[in-house]
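Me: Hey, I've got a new structure open and could use a hand finding my way around. Can we talk it through?

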Amino acid sequence: MNRREAISAVTLLLGGTLLGADAFLSGCKNPAANASLNFSADDISFLNEVAETILPATSTPGAKAAKVGDFMTVIVKDCYEEKDQQVFLKGMQQLQDACKKACGKSFMEATPEQRHDLLVVLDKEQKEFQSKKKPEESSHYFRMMKELTLWGFFTSEIGATQALRYVAVPGRYEGCIPYKKGDKAWAT
């Protein structure tokens with residue numbers, strides 16, 4: 001399976017198209033991207049915590065263990081168009097502001113329960129925004145964060161080998177494999 005097929009499979013898993021996937025699939029950096037865009041270590045830690053709230057560690061490692069924050073910064077910097085980069089960056093601040101308004105503290109200081117409750121509200125907000133947005137408008141910042149979290153986690157080694165079932169070199173083709181409730185999905 002090549003990279004294009006793998007990303008297509010993840011896209012189907014996510015239920016839609018991924019922002020920046022065209023540049024990623026072509027293997028090139030987006031020439032319209034902001035070359036001066038840099039993320040600090042604090043930004044990466046913040047994105048790791050957002051991702052961990054979306055996909056927390058359970059019986060398998062969470063998004064933070066898969067270093068999804070690092071993944072997000074690379075995709076935003078190298079694959080997003082400048083307008084989408086700006087939405088993402090502004091969204092990081094909007095998420096912080098929303099947390100301060102709701103909890104009286106920054107996202108990093110909030111409890112896991114407060115973080116979860118905030119992201120549930122933001123998820124409802126982004127779904128409403130997406131249903132009303134025009135095609136030329138950028139996606140909601142939280143949708144970008146959520147898509148990147150899922151993409152980064154399920155294409156990481158941890159996500160593919162510990163959260164999904166994965167066979168590095170598949171054997172023979174089996175068109176019908178029994179699936180029992182609770183079994184992990186197969187990585188592609």
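Me: Let me start with a residue I clicked on. Is Arg143 buried, exposed or partly exposed?

Reply: Arg143 is partly exposed, because its relative accessible area is 26%, which falls between the 20% limit for buried and the 50% limit for exposed. Keep in mind that this is a predicted model.

Me: OK. And which side chain does Arg143 meet in a salt bridge?

Reply: That would be Glu147, with an N to O distance of 3.1 Å. Both residues sit in helix H7, which covers residues 141-154. They are 4 residues apart, about one turn of the helix.

Me: What about Glu147, buried or exposed?

Reply: Glu147 counts as buried, because its relative accessible area is 11%.

Me: Which residues are joined into a network by salt bridges that share partners?

Reply: Glu49, Lys64 and Arg115 are joined into one network that way.

Me: Tell me about Glu49 then. Where is it?

Reply: Glu49 is in helix H3, residues 41-54. At 14% relative accessibility it is under the 20% cut-off, so it counts as buried.

Me: How far apart are the closest N and O atoms in the salt bridge between Glu49 and Arg115?

Reply: They are 2.7 Å apart. The pair links distant parts of the chain, with Glu49 in helix H3 and Arg115 in helix H6 (residues 112-132), 66 residues apart. Arg115 is buried as well.

Me: What else is Glu49 in contact with?

Reply: Leaving aside neighbours within four places in sequence, the contacts of Glu49 include Lys64, Phe107 and Met108.

Me: How many salt bridges does the structure hold?

Reply: There are 6. One of them joins the side chains of Asp123 and Lys127, at 3.5 Å from N to O. Those two both lie in helix H6, 4 residues apart. Asp123 is buried, given its relative accessible area of 13%.

Me: Now a different one: what is the nearest side chain of opposite charge to Asp84?

Reply: It's Lys83, 4.8 Å away. Asp84 is buried but has no salt bridge.

Me: Let's zoom out. How many helices and strands are there?

Reply: The protein has 8 helices and 0 strands. Of its 188 residues, 42% are buried. Among contacts with a separation of 6 or more, 60% are between residues 24 or more positions apart.

Me: And the surface, what does it come to?

Reply: The accessible surface is about 11,100 Å², and 54% of that belongs to carbon and sulfur atoms.

Me: Which residues make the nonpolar surface patch?

Reply: Val167, Ile177 and Trp186 make it, and it is about 280 Å². Ile177 is in the segment after helix H8 (157-163). At 41% relative accessibility, Ile177 counts as partly exposed.

Me: Last one: what is the phi of Lys67?

Reply: Lys67 has a positive phi of about 55°, although it is not a glycine. Most residues other than glycine have a negative phi. You'll find Lys67 in the loop between H3 and helix H4 (68-79). Lys67 counts as exposed, because its relative accessibility is 54%.

Terms used. Residues are numbered from 1 along each chain as its sequence is written. This is a predicted model: local features need pLDDT of at least 70, side-chain atom pairs count only at pLDDT 80 or more; totals for chains, interfaces and linings use all residues. Side-chain values use heavy atoms; hydrogens and water are left out. Buried means under 20% relative accessible area, exposed over 50%, partly exposed in between (1.4 Å probe, protein chains only). Lys and Arg count as positive and Asp and Glu as negative; His and the chain ends are not counted. A salt bridge is a side-chain nitrogen of Lys or Arg within 4 Å of a carboxyl oxygen of Asp or Glu. Patches are made of residues with over 30% relative accessible area and no salt bridge: like charges are joined within 9 Å, nonpolar side chains (Val, Leu, Ile, Met, Phe, Trp, Tyr) within 5 Å. Accessible areas come from the Shrake-Rupley method with a 1.4 Å probe; for residues, only the protein chains shown count as cover. Contact means heavy atoms within 4.5 Å.
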